[in-house]
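I opened this entry to note what I looked up, step by step. The model comes first, then my notes.

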2 protein chains.
Amino acid sequence: MEHDILNKIKCVSDIKKLNIEQLCGLCDELRDEIIEKVSETGGHLASNLGAVELTVALHYVFDSPDEPIIWDVGHQCYAHKILTGRDITGIRTEGGLSGFPKSSESEHDLFVAGHASTSISAALGIAEAKKISGSEKSVVAVVGDGACSGGMIFEAMNNAGRSRTNLVVVLNDNEMSISPNVGAMAKYLADIRSREGYFHFKDALEHTLLKIPFIGKSIFGILRSIKTFFKDVFYSSNTFEHFGFTYLGPADGHDIAVLIRTFRRAKQIKKPVLVHINTVKGRGYDPAEKNPSKFHGVAPFYKESGELKNESKYSFSSAFGNILCELAEKDDKICAITAAMTDGTGLKEFSKKYPERFFDVGIAEEHAMTFAAGLAAGGMKPVFSVYSTFLQRAYDQILHDASIEPKHVVLGIDRAGIVGGDGETHQGTFDVPILTTIPGVTIYSPADYKELEKDMKNAFSAKGVQAVRYPRDFEKTIPEKFFKNYEDFDFFEGKNDCIIIAYGRLFVEASFAAEETESSVLKIGKIFPLEHEMIEIVKKYKNVFFFEESVENGSIAEHFGNLLLKSGYDGNYKIHCVSGFVPHMEVKNAMKLHGLDREAMINAVKEALK
Amino acid sequence: MEHDILNKIKCVSDIKKLNIEQLCGLCDELRDEIIEKVSETGGHLASNLGAVELTVALHYVFDSPDEPIIWDVGHQCYAHKILTGRDITGIRTEGGLSGFPKSSESEHDLFVAGHASTSISAALGIAEAKKISGSEKSVVAVVGDGACSGGMIFEAMNNAGRSRTNLVVVLNDNEMSISPNVGAMAKYLADIRSREGYFHFKDALEHTLLKIPFIGKSIFGILRSIKTFFKDVFYSSNTFEHFGFTYLGPADGHDIAVLIRTFRRAKQIKKPVLVHINTVKGRGYDPAEKNPSKFHGVAPFYKESGELKNESKYSFSSAFGNILCELAEKDDKICAITAAMTDGTGLKEFSKKYPERFFDVGIAEEHAMTFAAGLAAGGMKPVFSVYSTFLQRAYDQILHDASIEPKHVVLGIDRAGIVGGDGETHQGTFDVPILTTIPGVTIYSPADYKELEKDMKNAFSAKGVQAVRYPRDFEKTIPEKFFKNYEDFDFFEGKNDCIIIAYGRLFVEASFAAEETESSVLKIGKIFPLEHEMIEIVKKYKNVFFFEESVENGSIAEHFGNLLLKSGYDGNYKIHCVSGFVPHMEVKNAMKLHGLDREAMINAVKEALK
């Protein structure tokens, strides 16, 4: 497809010069560009295709960056990136754009987003700042219905309605988060959608009336009062209006003319408005419309067929799901909880086999954790399966609800360590530091599936909060002599005064590095609390190297060093950790950059042996 | 007052034998007991007085512990404690009861609570466990309207409504959290309250009808259908019903007969029910009814007058508020945010002087933090003033929304360190460990008001997240020679090979200990990131003692040790930190118990000098 219209847009405000037909053409071209580029690199496809008209209409009506658009979760911002002058070729890969809003890329990305449900809070802050400064400019938050299960949306709505700011919240309702939506709010939105006819009628009538000069507006005014009365009587006011928002919608999120009219009205209202639009995830690309979950975050695929270019491998997530099913077959107390990540965390089979013991709570990690603690208090053995980065949301609940009075909750921490293309907002490099602050927590970090199974069995037969963390990866083989005994720690003696300490997948790298350098290796399986016997082994070495996929402050390496220091160790202890926030790039490149790869290990030892 | 009825209750089920008159008498006696005992020790008075009838009626209708009552926040459980056989004499003091539910005290306290908005999540977990086990028993959650501004309540409601469990949520609506309530939900509840007459009519009619044997029930059935129809038409269904709850109320929360009838009906319904009751905070004690904020958490007072026994001193919180007002006078970008703690965090004056720059967001720490980041993105200089323990709720927001792309947000962290009578759920011993995991965060911990002022000025003129943390305490004087220069660190040289390191209020103890032992002292003002020059000073000492009011993992002491280890230090480094969760007791006793008092410091040095 030629991108004639798109190519003429030099500045986002150029959109405002286009007519409806051209705008529709622009949408087609944007879709084509997104499908083309995402098929090459992978990325969030379905949500981006659903948000094309929405994005064009927003930029048509509002004046970004003065009227900023804050994208919730942020993975639907590709059209926005293109329209604001960015090339999405190579998105999510090193040197390419981030898959999420990023202010260093563009002044049109005012606020970062990778975690859900933050947009209204951020937009309200910006809107209040404008109000204080005397500006009448609008601030737009675009939030999906999936994110509406998150408590922050409620907290923000509870404050926004009364704020007298020019805040426009666009509820992009596609009946999905990553998995299909759950919960009362999803049902409620479905109820509203079924009333769609009403708004269509109202909108068309209004549009016609407003075309009549002078008289049109006053007739419209009278009619509007009457219609509002009828609407309130027959449809009752809705929840958003209870919150103090003016509610507009539901509107067809793929009809550019309707969207522009609706957003214009929202902009005029000069108080908080909620615009409810219906969109179809994957819109305009058949494979994605038919299977939006697969095309939510997708690997590179053949554009024509929608088939993945590389078959997906059996991963730690899959292994976790399978082991859990086996354990649950023998123990009817085992329950599983996910926060809208049934597929991602490998729980699909469990959810089918044990529906009565499976709970998808929506994007609601805080609730998920305390709910798990409640299940435990009721005698169940719950596992909360969650990405490391999203577990950050539940820190207080792990501490306050599950640890002050210990509850036997297992945490299945997926995407632990460096994650790759998702970048800064999704790195699993903080769970170890925060979990180790909480008295009574136990943490396992398996290096392969067999160890994962052992760790899960241990976790389910222990007490208190038991975390098992594993990477977004598949297991890799190690040199034979580094066969693991799967004890709390395994020690492999080398031939010099250097020892490498590692856990999880870094143990694989460590074993190869040790083979090449003939140094010793300490593999930690139960990474917290640390067994003191390890200190006795390690303190004999002149050079100790700890490699860890975590930020340094609060890392196991730091806790280990603390024990070494107390033991009177006086050799060289070197910590190799993740430094700061890790941008999007392939995992292996990030490992290299942060000095966590095999080569870095070999160099460290060789340097010491000089 | 004689406690004739109360004294006869040997087991909580004895309540079920009492008639209405006796139940009313029991309520009077409970009130008397609570006022008497809280006047001696201090504690949460107003909320407990408001919940007396509610508590009696719940225990009359439900069978605790098989039908557990989960108290949200938990500070309204005194009547519950008394009725379940516990003596509240000396509550919140060492050896006395906890001021919050505590399962080690009683099987009737199934779930801990000190932070708000967790009860429905926990109760839903227990209810699902009962459902899986085939039990038809109810589970009750009692939640105040104040806690309803917290996102977890929404997340839990979103899941609970469809759960088909026998969950009974009692919404104890007293129009207050700690400060008067804010937000759309508060307004919405007020709207419902204004319709109270309807329920009274319905309830009275039903009560009369049900007294007619045989016929009464069927007439009632027909009438109920009609009334439901009318109710839906005229009152519209309410938000709770959208969530899938059966809504009962609003009912008079001080009318024991109405409460019993309503709870019985809720128990019969066998699906999630929300019972909305109206209570008066401080009910039955004039000074508390008139000033519920003062009597929310109150120090010992004279029962007759309500006057405090000891005048409250000018505290770090007050100093923070005053300094902030001064800064805000000169800088109109400074905004202040509180999560329902205007008084507690010393912001009252600010809220009056600068209402347009003051935001009480309700109990909603997650939103508060991201909202602050939004204000910063809009060009303001926000401070989020929050208790250390509640900041735990906002970990992900500090990291994801304010640090990945640094936003200039100041955190005023009150109640940092050991807090005293509130105990485990409220200790400020985790903020340092979690904040130091986040790249780019700066932390100050002043030892007195002058330093607090300097730190706040620094924080407002820097970039990124700037935390200033101070204790629930007032400043204390130090020996003259330990006059502070208020640099990032101050070094005081002694006469032996021992050095004590401390910050915040522990520096006062350290200075006295150093005076007595002639050892050196390092006072850290900017506690994170650590200045490397300090390592050069400290590594010369054979004995280093770090005293810190924090858990050890992730503490500054640990980070400091890490730097020492890297520097090749081979002396004795001893960390004295808080061990585990600290129960309720006076701060000075907790300090002693955890080896953080002056005496412990002196002994440590003397031991080393032997």
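**Domains of chain A**

I began with the division of chain A: domain 1 (4-290), domain 2 (316-469) and domain 3 (491-609). These bounds come from an automatic or database domain assignment. Next I looked at where domain 1 and domain 3 of chain A touch; domain 1 gives five residues to the contact and domain 3 gives four residues. Here, two residues are in contact if their C-beta atoms, placed from the backbone, lie within 7 Å. On the domain 1 side I found no nonpolar, three polar and two charged residues. I used these classes: Ala, Val, Leu, Ile, Met, Phe, Trp, Tyr, Cys and Pro are nonpolar, Asp, Glu, Lys and Arg are charged, and the others, Gly among them, are polar.

I note that this is a predicted model, in which local features need pLDDT of at least 70, side-chain atom pairs count only at pLDDT 80 or more, and totals for chains, interfaces and linings use all residues. Residues are numbered from 1 along each chain as its sequence is written, while chains are lettered from A and ligands numbered from 1 in the order in which they are written.

**How the chains relate**

I laid chain A on chain B: a turn of 180° with a shift of 0.0 Å along the axis does it, at an RMSD of 0.0 Å. That is how a two-fold axis relates copies. The superposition is by least squares on the C-alpha atoms of residues with pLDDT of at least 70 in both. Which residue of chain A comes closest to the rotation axis? I found A:G151, with its C-alpha at 1.8 Å.

**The interface**

I then checked the contact between the chains: 86 residues of chain A meet 86 residues of chain B. Helix α6(A) gives the most to chain A's side, ten residues. By class, that side has 37 nonpolar, 35 polar and 14 charged residues. Of the interface residues of chain A, 100% are also interface residues in chain B, so the copies meet through the same surface.

**A sheet in chain B**

Last, I traced an open sheet of five strands in chain B, with parallel pairing and the order β1-β2-β3-β5-β4. Its edge strands are β1 (69-71) and β4 (246-252), each pairing on one side only. From one strand to the next, the twist averages 20°, taken between lines fitted to C-alpha atoms, with angles from 0 to 180 degrees between N-to-C directions. Helices (H or I, at least four residues) and strands (E, at least two) are DSSP runs, numbered from the N terminus. Two strands pair if DSSP finds at least two bridges between them. I counted six bridges between β3 (residues 167-173) and β5 (residues 273-278) of chain B. B:V168 stands opposite B:V273 of β5(B).
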